[in-house]
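Subject: Handing over a predicted model

Dear colleague,

Please find the structure below, together with the notes that I promised to send along with it. I would be glad if you could read them with the model open beside you.

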Amino acid sequence: MNKSINFASIFLLFTLSSHQFLLHVASSNSPIRSNQGFADERTLKSEQEHVHEVHCSRERSRAARKVIEEYLTPFLEKEKYQLSSKCRLHPENDMFRDQEEHKICLGFHDWQCGYCKKSFQEEKFLDQHFDNRHSNLLNSSDGRCLADLCGALHCDTVMSSKSSRNKCNPAAATRNKHLCESLAESCFPVSDGPSASRLHEIFLHQFCEAHTCSGKQKPFSRGGKVQKSLFVIVSGALILVILPLFYLFLYLVQRDMKSSTQELRRISKMGRKTKPS
(Lines give C-alpha, C1' and ligand atoms only; values in the text may rest on other atoms or scores of the structure.)
Protein backbone atom coordinates (compact mmCIF):
# COMPACT_ATOMS: atom_id res chain seq x y z
CA MET A 1 0.00 0.00 0.00
CA ASN A 2 2.98 2.29 0.61
CA LYS A 3 3.85 2.04 -3.08
CA SER A 4 0.40 3.28 -4.00
CA ILE A 5 0.66 6.18 -1.54
CA ASN A 6 4.04 7.17 -2.97
CA PHE A 7 2.69 6.95 -6.49
CA ALA A 8 -0.34 9.03 -5.50
CA SER A 9 2.00 11.73 -4.16
CA ILE A 10 3.97 11.75 -7.41
CA PHE A 11 0.73 11.86 -9.42
CA LEU A 12 -0.54 14.83 -7.38
CA LEU A 13 2.73 16.72 -7.80
CA PHE A 14 2.66 16.08 -11.54
CA THR A 15 -0.92 17.34 -11.81
CA LEU A 16 -0.09 20.52 -9.87
CA SER A 17 2.97 21.11 -12.04
CA SER A 18 0.86 20.67 -15.17
CA HIS A 19 -1.66 23.19 -13.83
CA GLN A 20 1.10 25.72 -13.19
CA PHE A 21 2.41 25.16 -16.72
CA LEU A 22 -1.04 25.88 -18.19
CA LEU A 23 -1.30 29.08 -16.18
CA HIS A 24 2.11 30.11 -17.48
CA VAL A 25 1.09 29.46 -21.08
CA ALA A 26 -2.21 31.32 -20.69
CA SER A 27 -0.57 34.31 -19.06
CA SER A 28 0.71 37.09 -21.25
CA ASN A 29 2.09 39.40 -18.53
CA SER A 30 4.89 37.49 -16.87
CA PRO A 31 7.24 39.66 -14.73
CA ILE A 32 10.23 37.79 -16.17
CA ARG A 33 9.72 39.62 -19.44
CA SER A 34 9.65 43.08 -17.91
CA ASN A 35 13.30 43.96 -18.55
CA GLN A 36 13.09 42.90 -22.19
CA GLY A 37 9.79 44.75 -22.49
CA PHE A 38 11.46 47.97 -21.31
CA ALA A 39 14.26 47.38 -23.81
CA ASP A 40 11.71 46.99 -26.61
CA GLU A 41 10.05 50.26 -25.55
CA ARG A 42 13.37 52.09 -25.61
CA THR A 43 14.08 50.73 -29.10
CA LEU A 44 10.68 51.86 -30.32
CA LYS A 45 11.15 55.36 -28.91
CA SER A 46 14.42 55.70 -30.81
CA GLU A 47 12.64 54.69 -34.02
CA GLN A 48 9.79 57.18 -33.75
CA GLU A 49 11.60 59.78 -35.84
CA HIS A 50 11.00 57.53 -38.84
CA VAL A 51 7.24 57.37 -38.38
CA HIS A 52 5.11 57.85 -41.49
CA GLU A 53 1.57 58.52 -40.31
CA VAL A 54 -1.05 56.10 -41.65
CA HIS A 55 -4.73 56.76 -41.04
CA CYS A 56 -5.83 53.16 -40.72
CA SER A 57 -6.17 51.09 -37.56
CA ARG A 58 -3.92 48.04 -37.62
CA GLU A 59 -5.84 46.45 -34.75
CA ARG A 60 -9.23 46.81 -36.43
CA SER A 61 -7.79 45.69 -39.77
CA ARG A 62 -6.53 42.57 -38.03
CA ALA A 63 -9.99 42.01 -36.53
CA ALA A 64 -11.60 42.39 -39.98
CA ARG A 65 -9.10 39.92 -41.42
CA LYS A 66 -9.91 37.46 -38.65
CA VAL A 67 -13.65 37.77 -39.33
CA ILE A 68 -13.11 37.16 -43.04
CA GLU A 69 -10.87 34.13 -42.43
CA GLU A 70 -13.18 32.55 -39.85
CA TYR A 71 -16.66 33.39 -41.10
CA LEU A 72 -16.34 33.85 -44.87
CA THR A 73 -13.31 31.96 -46.18
CA PRO A 74 -14.75 28.49 -45.31
CA PHE A 75 -17.71 29.20 -47.62
CA LEU A 76 -15.43 30.52 -50.36
CA GLU A 77 -13.35 27.34 -50.15
CA LYS A 78 -16.45 25.15 -50.22
CA GLU A 79 -17.65 26.87 -53.42
CA LYS A 80 -14.07 27.09 -54.79
CA TYR A 81 -14.78 30.75 -55.46
CA GLN A 82 -12.08 33.32 -56.21
CA LEU A 83 -12.73 36.88 -55.09
CA SER A 84 -12.19 39.56 -57.67
CA SER A 85 -9.35 42.00 -56.95
CA LYS A 86 -12.01 44.72 -57.18
CA CYS A 87 -13.71 43.25 -54.11
CA ARG A 88 -12.61 45.11 -50.98
CA LEU A 89 -12.51 41.80 -49.11
CA HIS A 90 -9.74 40.49 -51.38
CA PRO A 91 -6.47 39.86 -49.45
CA GLU A 92 -4.58 42.24 -51.76
CA ASN A 93 -6.80 45.08 -50.56
CA ASP A 94 -5.40 44.88 -47.02
CA MET A 95 -2.56 47.38 -46.64
CA PHE A 96 -1.14 45.51 -43.64
CA ARG A 97 -1.16 42.09 -45.29
CA ASP A 98 2.50 42.08 -46.34
CA GLN A 99 3.65 43.19 -42.89
CA GLU A 100 1.50 40.54 -41.20
CA GLU A 101 3.11 37.93 -43.44
CA HIS A 102 6.53 39.20 -42.33
CA LYS A 103 5.80 38.46 -38.68
CA ILE A 104 7.85 35.51 -37.47
CA CYS A 105 6.71 33.83 -34.26
CA LEU A 106 9.67 31.84 -32.91
CA GLY A 107 7.92 30.76 -29.71
CA PHE A 108 6.11 32.08 -26.67
CA HIS A 109 6.78 35.83 -26.40
CA ASP A 110 9.42 35.66 -29.13
CA TRP A 111 8.58 37.65 -32.26
CA GLN A 112 10.87 38.64 -35.10
CA CYS A 113 10.59 41.18 -37.90
CA GLY A 114 10.84 39.42 -41.26
CA TYR A 115 12.32 42.54 -42.88
CA CYS A 116 15.24 43.37 -40.59
CA LYS A 117 15.28 40.33 -38.22
CA LYS A 118 14.94 42.51 -35.11
CA SER A 119 13.40 40.58 -32.21
CA PHE A 120 10.63 41.55 -29.78
CA GLN A 121 8.99 39.78 -26.88
CA GLU A 122 5.46 40.97 -27.60
CA GLU A 123 3.51 41.28 -30.83
CA LYS A 124 2.38 44.81 -29.96
CA PHE A 125 6.02 45.98 -29.94
CA LEU A 126 6.55 44.37 -33.36
CA ASP A 127 3.46 46.22 -34.61
CA GLN A 128 4.88 49.51 -33.38
CA HIS A 129 8.22 48.65 -34.99
CA PHE A 130 6.44 48.15 -38.33
CA ASP A 131 4.76 51.55 -37.90
CA ASN A 132 8.05 53.24 -37.03
CA ARG A 133 10.53 51.55 -39.37
CA HIS A 134 8.65 49.91 -42.23
CA SER A 135 5.61 52.11 -42.89
CA ASN A 136 7.15 53.03 -46.25
CA LEU A 137 6.36 49.47 -47.38
CA LEU A 138 2.62 49.94 -46.88
CA ASN A 139 0.35 50.29 -49.89
CA SER A 140 -1.90 52.95 -48.44
CA SER A 141 -3.85 53.74 -51.60
CA ASP A 142 -7.62 54.25 -51.43
CA GLY A 143 -9.74 51.24 -50.56
CA ARG A 144 -6.97 49.27 -48.87
CA CYS A 145 -7.89 49.98 -45.25
CA LEU A 146 -9.66 46.84 -44.09
CA ALA A 147 -10.57 48.60 -40.84
CA ASP A 148 -13.03 50.75 -42.82
CA LEU A 149 -15.15 47.61 -43.29
CA CYS A 150 -15.32 46.78 -39.59
CA GLY A 151 -18.79 48.23 -39.23
CA ALA A 152 -20.15 45.88 -41.89
CA LEU A 153 -18.17 42.86 -40.64
CA HIS A 154 -19.01 43.13 -36.91
CA CYS A 155 -15.37 43.46 -35.84
CA ASP A 156 -16.39 44.51 -32.33
CA THR A 157 -17.79 41.01 -31.79
CA VAL A 158 -14.39 39.34 -32.21
CA MET A 159 -12.54 42.18 -30.47
CA SER A 160 -14.75 41.91 -27.35
CA SER A 161 -15.03 45.68 -27.57
CA LYS A 162 -17.10 47.68 -25.12
CA SER A 163 -18.71 49.40 -28.07
CA SER A 164 -20.38 46.10 -28.99
CA ARG A 165 -22.27 46.26 -25.70
CA ASN A 166 -23.35 49.89 -26.06
CA LYS A 167 -26.90 50.89 -26.86
CA CYS A 168 -27.71 50.29 -30.52
CA ASN A 169 -27.62 53.34 -32.77
CA PRO A 170 -30.29 52.95 -35.52
CA ALA A 171 -28.50 55.36 -37.86
CA ALA A 172 -25.20 53.48 -37.49
CA ALA A 173 -26.95 50.13 -37.95
CA THR A 174 -28.56 51.38 -41.18
CA ARG A 175 -25.25 52.77 -42.44
CA ASN A 176 -23.41 49.51 -41.69
CA LYS A 177 -26.15 47.49 -43.37
CA HIS A 178 -25.87 49.55 -46.55
CA LEU A 179 -22.08 49.06 -46.55
CA CYS A 180 -22.56 45.35 -45.97
CA GLU A 181 -25.04 45.01 -48.83
CA SER A 182 -22.74 46.94 -51.17
CA LEU A 183 -19.96 44.43 -50.34
CA ALA A 184 -22.32 41.56 -51.17
CA GLU A 185 -23.19 43.17 -54.51
CA SER A 186 -19.59 43.95 -55.54
CA CYS A 187 -17.96 40.74 -54.27
CA PHE A 188 -20.69 38.23 -55.14
CA PRO A 189 -22.72 39.59 -58.08
CA VAL A 190 -25.58 37.17 -58.70
CA SER A 191 -25.00 37.51 -62.45
CA ASP A 192 -21.68 35.64 -62.07
CA GLY A 193 -23.36 32.28 -61.70
CA PRO A 194 -24.74 29.81 -59.12
CA SER A 195 -21.72 29.93 -56.78
CA ALA A 196 -21.73 33.74 -56.63
CA SER A 197 -25.48 33.70 -56.08
CA ARG A 198 -25.21 31.25 -53.18
CA LEU A 199 -22.36 33.22 -51.61
CA HIS A 200 -24.32 36.45 -52.04
CA GLU A 201 -27.18 34.93 -50.03
CA ILE A 202 -24.79 33.51 -47.40
CA PHE A 203 -23.06 36.88 -47.00
CA LEU A 204 -26.39 38.63 -46.41
CA HIS A 205 -27.38 36.07 -43.74
CA GLN A 206 -23.92 35.91 -42.19
CA PHE A 207 -23.26 39.64 -41.88
CA CYS A 208 -25.92 42.03 -43.19
CA GLU A 209 -29.14 40.83 -41.56
CA ALA A 210 -27.66 41.33 -38.07
CA HIS A 211 -27.40 45.10 -38.63
CA THR A 212 -30.59 45.91 -36.77
CA CYS A 213 -31.46 47.19 -33.32
CA SER A 214 -34.13 44.53 -32.78
CA GLY A 215 -31.56 42.09 -31.40
CA LYS A 216 -33.36 39.15 -33.05
CA GLN A 217 -30.62 38.38 -35.58
CA LYS A 218 -27.07 37.63 -34.46
CA PRO A 219 -23.98 37.94 -36.69
CA PHE A 220 -22.30 34.83 -38.13
CA SER A 221 -25.54 32.84 -38.02
CA ARG A 222 -24.17 30.37 -40.58
CA GLY A 223 -21.22 29.47 -38.34
CA GLY A 224 -17.57 29.47 -39.34
CA LYS A 225 -14.20 27.83 -39.04
CA VAL A 226 -13.62 25.74 -35.92
CA GLN A 227 -10.78 27.33 -33.98
CA LYS A 228 -8.52 25.52 -31.53
CA SER A 229 -6.86 27.81 -29.04
CA LEU A 230 -3.38 27.19 -27.74
CA PHE A 231 -4.80 26.55 -24.28
CA VAL A 232 -7.10 23.81 -25.63
CA ILE A 233 -4.25 22.15 -27.52
CA VAL A 234 -1.93 22.15 -24.49
CA SER A 235 -4.75 20.93 -22.24
CA GLY A 236 -5.48 18.06 -24.62
CA ALA A 237 -1.81 17.06 -24.69
CA LEU A 238 -1.63 17.07 -20.89
CA ILE A 239 -4.79 14.98 -20.64
CA LEU A 240 -3.21 12.39 -22.91
CA VAL A 241 -0.27 12.22 -20.50
CA ILE A 242 -2.23 12.36 -17.23
CA LEU A 243 -4.97 9.87 -18.16
CA PRO A 244 -2.67 6.81 -18.52
CA LEU A 245 -0.98 7.74 -15.23
CA PHE A 246 -4.37 7.96 -13.53
CA TYR A 247 -5.35 4.48 -14.73
CA LEU A 248 -1.94 3.15 -13.69
CA PHE A 249 -2.55 4.61 -10.24
CA LEU A 250 -5.96 2.88 -10.03
CA TYR A 251 -4.41 -0.41 -11.15
CA LEU A 252 -1.70 -0.24 -8.47
CA VAL A 253 -4.27 0.60 -5.76
CA GLN A 254 -6.52 -2.28 -6.78
CA ARG A 255 -3.57 -4.66 -6.95
CA ASP A 256 -2.42 -3.69 -3.45
CA MET A 257 -5.95 -4.02 -2.11
CA LYS A 258 -6.24 -7.47 -3.66
CA SER A 259 -2.89 -8.48 -2.19
CA SER A 260 -3.95 -7.18 1.24
CA THR A 261 -7.25 -9.10 1.05
CA GLN A 262 -5.45 -12.34 0.14
CA GLU A 263 -3.00 -11.82 2.97
CA LEU A 264 -5.84 -11.32 5.46
CA ARG A 265 -7.54 -14.48 4.24
CA ARG A 266 -4.30 -16.44 4.60
CA ILE A 267 -3.78 -15.17 8.15
CA SER A 268 -7.42 -15.98 8.97
CA LYS A 269 -7.04 -19.54 7.67
CA MET A 270 -3.83 -20.04 9.65
CA GLY A 271 -5.63 -18.82 12.79
CA ARG A 272 -8.43 -21.35 12.31
CA LYS A 273 -5.96 -24.21 11.81
CA THR A 274 -4.02 -23.50 15.04
CA LYS A 275 -7.22 -23.15 17.13
CA PRO A 276 -7.39 -25.92 19.84
CA SER A 277 -10.25 -28.40 19.45
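What follows goes through the disulfides, the strands with the annotated region, the salt bridges and a surface patch.

This is a predicted model, in which local features need pLDDT of at least 70 and side-chain atom pairs count only at pLDDT 80 or more, while totals for chains, interfaces and linings use all residues. Residues are numbered from 1 along each chain as its sequence is written, and side-chain values use heavy atoms, with hydrogens and water left out.

Disulfides

The structure holds five disulfides, a disulfide being a pair of cysteine sulfur atoms within 2.5 Å. When the bonded cysteines are numbered in sequence order, the pairing reads 1-3, 2-8, 4-5, 6-10, 7-9.

One of the five joins C150 to C155, with an S to S distance of 2.3 Å, and because the torsion about its S-S bond is about -85°, this disulfide is left-handed. Both C150 and C155 are buried, where buried means under 20% relative accessible area, exposed over 50%, and partly exposed in between (1.4 Å probe, protein chains only).

In the disulfide of C168 and C213 the sulfur atoms are 1.9 Å apart, and the torsion of about -70° about the S-S bond makes it left-handed. C168 lies in the loop between α8 (155-159) and α9 (170-187) and C213 in the loop between α10 (194-206) and α11 (230-273), so this pair ties together parts that are 45 residues apart in sequence; helices here are DSSP runs (H or I, at least four residues), as are strands (E, at least two), numbered from the N terminus. C168 is partly exposed at 36% relative accessibility, and C213 is partly exposed at 36% as well.

C180 and C208 form a further disulfide, with 2.1 Å between their sulfur atoms, which is left-handed because the torsion about the S-S bond is about -85°. The pair links distant parts of the chain, 28 residues apart, with C180 in helix α9 and C208 in the loop between α10 and α11. C180 is buried at a relative accessible area of 0%, and C208 is buried at 1%.

The sulfur of C113, by contrast, has its closest cysteine sulfur in C116 at 3.6 Å, which is too far for a bond, and C116 is in no disulfide. C113 is buried, at 0% relative accessibility, whereas C116 is partly exposed, at 38%.

Strands and the annotated region

The UniProt annotation "domain: C2H2-type", from an unreviewed entry, covers residues 111-136; its positions are given in the numbering used here, feature names are shortened, and annotations may be inferred rather than shown by experiment. Over residues 111-136 the chain is 42% helix and 19% strand, with the end C-alpha atoms 21 Å apart.

Strands β1 (residues 103-107) and β2 (residues 110-113) run antiparallel and are joined by four bridges, strands being taken as paired if DSSP finds at least two bridges between them. K103 stands opposite C113 in β2, and in the hairpin of β1 and β2, which has two residues between the strands, H109 takes a positive phi near 55°. Two bridges join β2 to the antiparallel strand β3 (residues 119-120), where F120 is the bridge partner of W111.

Salt bridges

There are 12 salt bridges, counted where a side-chain nitrogen of Lys or Arg is within 4 Å of a carboxyl oxygen of Asp or Glu. In one of them D131 meets R58, with the closest N and O atoms 2.7 Å apart, linking helix α6 (residues 123-133) to helix α3 (residues 58-71) across 73 residues. D131 is partly exposed at 31% relative accessible area, while R58 is buried at 7%.

R60 and D156 also form a salt bridge, at 3.1 Å from N to O, and since R60 lies in helix α3 and D156 in helix α8, the pair ties together parts that are 96 residues apart in sequence.

Surface patch

I239, L243, F246, Y247 and L250 form a nonpolar patch on the surface, with about 460 Å² of accessible area together. Such patches are made of residues with over 30% relative accessible area and no salt bridge, with like charges joined within 9 Å and nonpolar side chains (Val, Leu, Ile, Met, Phe, Trp, Tyr) within 5 Å, and the areas come from the Shrake-Rupley method with a 1.4 Å probe, where for residues only the protein chains shown count as cover. Y247, in helix α11, is exposed at 51% relative accessible area.
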